[in-house]
Amino acid sequence: MHWFHGFCCFVSSLVFLITFLHRCNARDDQKLLNYYNSSKGSELEAGTSCDFFQGSWVYDQSYPLYDTSSCPFIEKEFDCQKNGRPDRLYLKYRWKPNGCELPRFDGVELLKKLKGKKILFVGDSLSLNQWQSLTCLLHASVSQSNYQITRKGDLSTFSLPEHGVSVSLSRTAFLVDLVKEDIGTVLKLGSIQNGIAWLGYDMLIFNTWHWWLHKGSKQPWDYIQQANTIRKDMDRLVAFREGLTTWSEWVDSNLNPTNTTVFFQGISPTHYDGEEWNDTKSTTCKGQTQPVSGSVYPGGSPAAAEVVNQVLSKMRNRVSLLDITTLSQLRKDGHPSVYGIDGHKGNDCSHWCLAGVPDAWNEVLYAILYAQGRTTN
């Protein structure tokens with residue numbers, strides 16, 4: 001019976017080990033990573049960790065990381081300096097996590113690591129914001145290299161042939177399908193047929209939320225289809241959760257995590273309500289020249305961010321959350337405002353000036369890839 005008792009102990013230990021490893025893998029570990037000290041080229045002391053998404057903005061004279069006047073393909077709507085923005089202080093802030101420094105973005109090193117890889121951003125104009133930032137960062141790092149920009153339908157691709165790297169953008173505002181039918185344009189919460197275009201990439205960075213709240217003339221659909229029910233409208237947060245769940249099931253069913261690294265760009269905030277940062281309600285991003293001080297945004301986290309966390313936590317495949325919400329909330333000064341595509345006719349407190357906040361999103365992405373000791377699986 002001694003052998004049987006020993007066997008039982010072995011099985012019990014094995015079950016414990018498997019359970020422990022599963023919990024470690026399921027953990028939201030992109031927020032708690034061993035960090036490579038960029039100045040010394042070595043890891044911090046054993047056990048040291050850093051939450052890249054909690055911190056504050058600090059003045060840094062060496063910023064910005066590139067000059068948009070030298071980025072020949074910059075979208076007009078993001079080039080706030082060219083559009084006449086008179087202040088430059090917003091260009092001089094660097095994201096500083098609590099307890100560590102982000103490694104300075106090194107485009108040459110990143111291109112070496114990504115050689116032969118295909119990257120795809122999938123989402124709305126906030127994905128365009130981040131894609132545009134990354135392409136300008138890479139171009140500035142190897143400005144003498146020949147680049148190619150191609151656009152076909154909703155797909156834009158920036159490639160550096162001599163480095164064997166392409167960075168593409170698929171404009172798909174809801175991730176789920178938006179279909180023109182006899183009754184009108186239908187947003188299908190349970191359908192994601194367009195996902196076939198996302199296969200074959202080494203890294204996917206998804207985003208959606210910006211368009212889920214639009215109404216009136218800015219609403220791109222006439223009806224919402226939920227299962228077999230078609231309706232004119234419904235609770236937008238509930239619709240967002242269902243659509244995001246459909247996306248999560250698609251990722252779990254169609255992507256092999258050993259071949260494709262998947263990120264989800266968190267909720268990018270707007271600044272149309274000054275009460276969120278303890279100002280008057282009528283105050284917006286217009287005229288703001290400095291970030292919110294400190295590490296805490298008075299207005300708290302948007303409800304959509306909690307939906308994202310809940311959906312990602314239920315997925316089988318590992319999807320790393322690029323949790324940009326708080327660091328972006330602190331940058332009430334970073335939007336185009338009247339220096340965007342509509343000029344003084346509009347007030348864009350949704351998108352971001354470039355150079356600017358999306359560069360920090362890509363700096364954090366860069367840090368995560370290196371802290372995990374990998375770029376793509």
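# Notebook: strands, rings and spaces

I began with strand 7, where phenylalanine 158 stands opposite isoleucine 149. The model I am reading is a predicted one.

**Entry 1: the hairpin**

I looked up how strand 6 and strand 7 are joined. They run antiparallel, with five bridges between them. Two residues lie between the strands of this hairpin, and glycine 153 there takes a positive phi near 60°. I then followed strand 7 to its other neighbour. Six bridges join strand 7 to strand 8 (residues 165-171), and this pair is antiparallel as well.

In which order do the strands of the open sheet of seven stand? I read the order as 6-7-8-5-11-14-15, and the pairing is mixed. Strand 6 and strand 15 (320-322) are at the edges; each has a single partner strand, so one side of each has no neighbour in the sheet. From one strand to the next, the twist averages 20°.

As a reminder to myself, strands of a sheet pair through backbone hydrogen bonds, and they do so either parallel or antiparallel.

Strand 10 (residues 184-188) and strand 12 (residues 223-226) run parallel and are joined by three bridges. Leucine 187 has isoleucine 224 in strand 12 as its bridge partner.

**Entry 2: aromatic pairs**

I next listed rings of Phe, Tyr and Trp whose centres lie within 6.5 Å. The count by this rule is 15 aromatic pairs. I looked at two of them in detail.

Why is the pair of tyrosine 59 and tyrosine 93 called edge-to-face? Planes over 60 degrees apart count as edge-to-face. The two ring planes stand at 85°, with the centres 6.5 Å apart, so the pair is edge-to-face. Tyrosine 59 belongs to strand 3 (residues 55-59) and tyrosine 93 to strand 4 (residues 93-97), so the pair ties together parts that are 34 residues apart in sequence. I checked how open each residue is. Tyrosine 59 is partly exposed, at a relative accessible area of 46%, while tyrosine 93 counts as buried at 12% relative accessibility.

The other pair brings me back to phenylalanine 158. Its ring and that of tyrosine 147 have centres 6.0 Å apart and planes at 25°, so this pair is stacked. Tyrosine 147 lies in the loop between helix 3 (125-141) and strand 6 (148-152), and phenylalanine 158 lies in strand 7 (residues 155-160), so the pair ties together parts that are eleven residues apart in sequence. Is tyrosine 147 buried or partly exposed? Tyrosine 147 has a relative accessible area of 32% and is partly exposed. Phenylalanine 158 is buried, at 1% relative accessibility.

I also noted one aromatic cluster, formed by Trp198, Phe206, Trp247, Trp250 and Phe264.

**Entry 3: charges over rings**

The charged end of lysine 118 is over the ring of tyrosine 201, at 4.7 Å from its centre. Lysine 232 lies over the face of tyrosine 223, 4.8 Å from the ring centre.

**Entry 4: the largest pocket**

How much space lies in the largest pocket? I wrote down about 870 Å³. Its lining has 36 residues, and those nearest the centre are His210, His214, Thr270, Tyr272 and Ser350. Helix 3 and helix 5 (303-313) each supply at least two residues of this lining. Helix 3 gives the most to it, with three residues.

**Entry 5: the cavities**

I found two cavities of 30 Å³ or more in the structure. The largest cavity holds about 80 Å³ of space. It is lined by 13 residues, with Tyr63, Leu91, Tyr93, Gly356 and Asp359 nearest its centre. Which helix gives the largest share of the lining of the largest cavity? Helix 7 (residues 357-371) does, with four residues.

Notes: Residues numbered from 1 in each chain as written. Predicted model: local features only at pLDDT ≥ 70, side-chain atom pairs only at ≥ 80, totals over all residues. Heavy atoms only, no water. Phe/Tyr/Trp six-rings, centres within 6.5 Å; stacked < 30°, edge-to-face > 60°. Buried < 20%, exposed > 50% of the residue type's maximum accessible area, 1.4 Å probe, protein only. Lys NZ or Arg CZ within 6 Å of the ring centre and 35° of its normal. Pairing = 2+ DSSP bridges. Axes fitted to C-alpha atoms, helices over the stretch in contact; angles between N-to-C directions. 1 Å grid on protein atoms, 1.4 Å probe; cavity = no way out; pocket = protein on both sides within 12 Å on 5 of 7 lines; lining within 4 Å. Points joined across faces, edges and corners; volume = space filled by probe spheres on them.
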